[in-house]
Amino acid sequence: MAYFVGLDVSVQETAVCVVDEVGKVICERKVPTEPDDIAVLLTSIGGDYVRVGIEAGPLSQWLVNGLTEVDLPVICVETRHMKALLKAQQINKSDRNDACGIAQMMRVGLFKPVHVKTPAAQEQRMLLTSRKLLQRKLLDIECDMRGTLRNFGLKVGVVSTKNYEARIRELVEGFPRLAEIVDPLLTVRQVMRQQLATLHKMLLNMVRDDPVCRRFMTVPGVGPVVALTYRASVDQPHRFVHSRDVGAHAGLTPRRYQSGEIDYDGGISKCGDAMLRTMLYEAAQSMLTHSKKWSWLKSWAMRVAQRRGMRRATVALARRIAVILHRMWIDGTDFRFSNSAAKAA
């Protein structure tokens, strides 16, 4: 008999609900959140499992990979879509009701699957987020010292990163209590700078050894961080049927509202991967403002800027860079600066 399973995952326990093809509940139970424990329960029930649904979350990638290894047809479902459906079909929220609702969604096919990233993409993503975390905290420490010292009339002013510590110690030289306070902060800053440099070197080495990232960097404005972010976010390029779909995946396509006689396009959706969207926008800005080498892509963006303004041109260029990088990945080709060469290809 065909069975459908819903898994509502928490840190310690997972609520499991199994229903048959007519919606009858076969089993409801809670098991430890471990792939082996879930697999043992489903194996003991028996039957032919058609779909096993799990909501996208911090533990979903690990559980999906573990359950796939034992030949269970696991599907990771988009969180916002599942939340809206569960809210519509139940009044009282509980892990048991959520698992039952997920199982029924699997049975009727009312779900939106999401891509589960490969372990390599997860490692790349962790490197990028860890580097960004240290970078952000380092900036917070520096800005906090600037702001607090200003209360005492001590102005740091414009100073390079290398001379920042010497400038702070020079300002607090005549204030023993302030010197005692800022000394631990400067020590933490120095350690964070060293570890940030370590993570950045790891990123550069990873990009250097990856031919796909090196190919991405042939596009003006695309550096190591942008290339690795795109690589980790897209993960598997063939999951996008059309290259233009990557723009929507990054949240760079406009929203649309249509009802009766009303029909208009709004701002970009900002759905999907926020880090990828930010990096693509920075790459577009870099191409428009810093890149000295002319290309057909920059020429196109400048014409858009003349008609619609620089901000909209930057967003449009970011979306087009996402499409071009995907096509380069699929075709295995470098960026072509000549428009005639690009059309000929």
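## Contacts of Leu-280

Leaving aside neighbours within four places in sequence, Leu-280 touches Tyr-230, Ala-250, Leu-252, Ala-318, Ile-321, Ala-322 and Leu-325. The model is a predicted one.

## Nonpolar cores

The largest nonpolar core holds 42 residues. Tyr-230, Leu-280 and Ile-321 touch the most other members. At least two residues of this core come from each of H5, H7, helix H8 (211-216), helix H9 (224-234), helix H11 (274-289), helix H12 (296-308) and helix H13 (310-331). H13 gives the most, with nine residues.

## The five-stranded sheet

Five strands form an open sheet in the order S3-S2-S1-S4-S5, and the pairing is mixed. Strand S3 (25-32) and strand S5 (74-77) are the edges, each pairing on one side only. Direction ignored, neighbouring strands are turned by 20 degrees against each other on average.

Strand S1 (residues 2-9) and strand S4 (residues 48-55) run parallel, joined by six bridges. Tyr-3 has Tyr-49 as its bridge partner in S4.

## Helices on the sheet

Helix H1 (residues 35-45) packs on the sheet and touches S1, strand S2 (13-20), S3 and S4. The direction of H1 makes about 155 degrees with that of S3. Helix H2 (residues 60-68) also packs on the sheet, touching S1, S4 and S5. The direction of H2 makes about 165 degrees with that of S5.

## The buried side of H6

In helix H6 (residues 164-171), the buried residues are Tyr-164, Ile-168 and Leu-171. They lie on the same side of H6, because their arc around the axis is only 65 degrees. Their cover includes helix H5 (119-150) and helix H7 (176-208).

Notes
Residues numbered from 1 in each chain as written. Predicted model: local features only at pLDDT ≥ 70, side-chain atom pairs only at ≥ 80, totals over all residues. Heavy atoms only, no water. Buried < 20%, exposed > 50% of the residue type's maximum accessible area, 1.4 Å probe, protein only. Helix = DSSP H or I, 4+ residues; strand = E, 2+ residues; numbered from the N terminus. Arc of directions from axis to C-beta. Contact = heavy atoms within 4.5 Å. Core = buried A, V, L, I, M, F, W, Y, C linked by side-chain atoms within 4.5 Å. Pairing = 2+ DSSP bridges. Axes fitted to C-alpha atoms, helices over the stretch in contact; angles between N-to-C directions.
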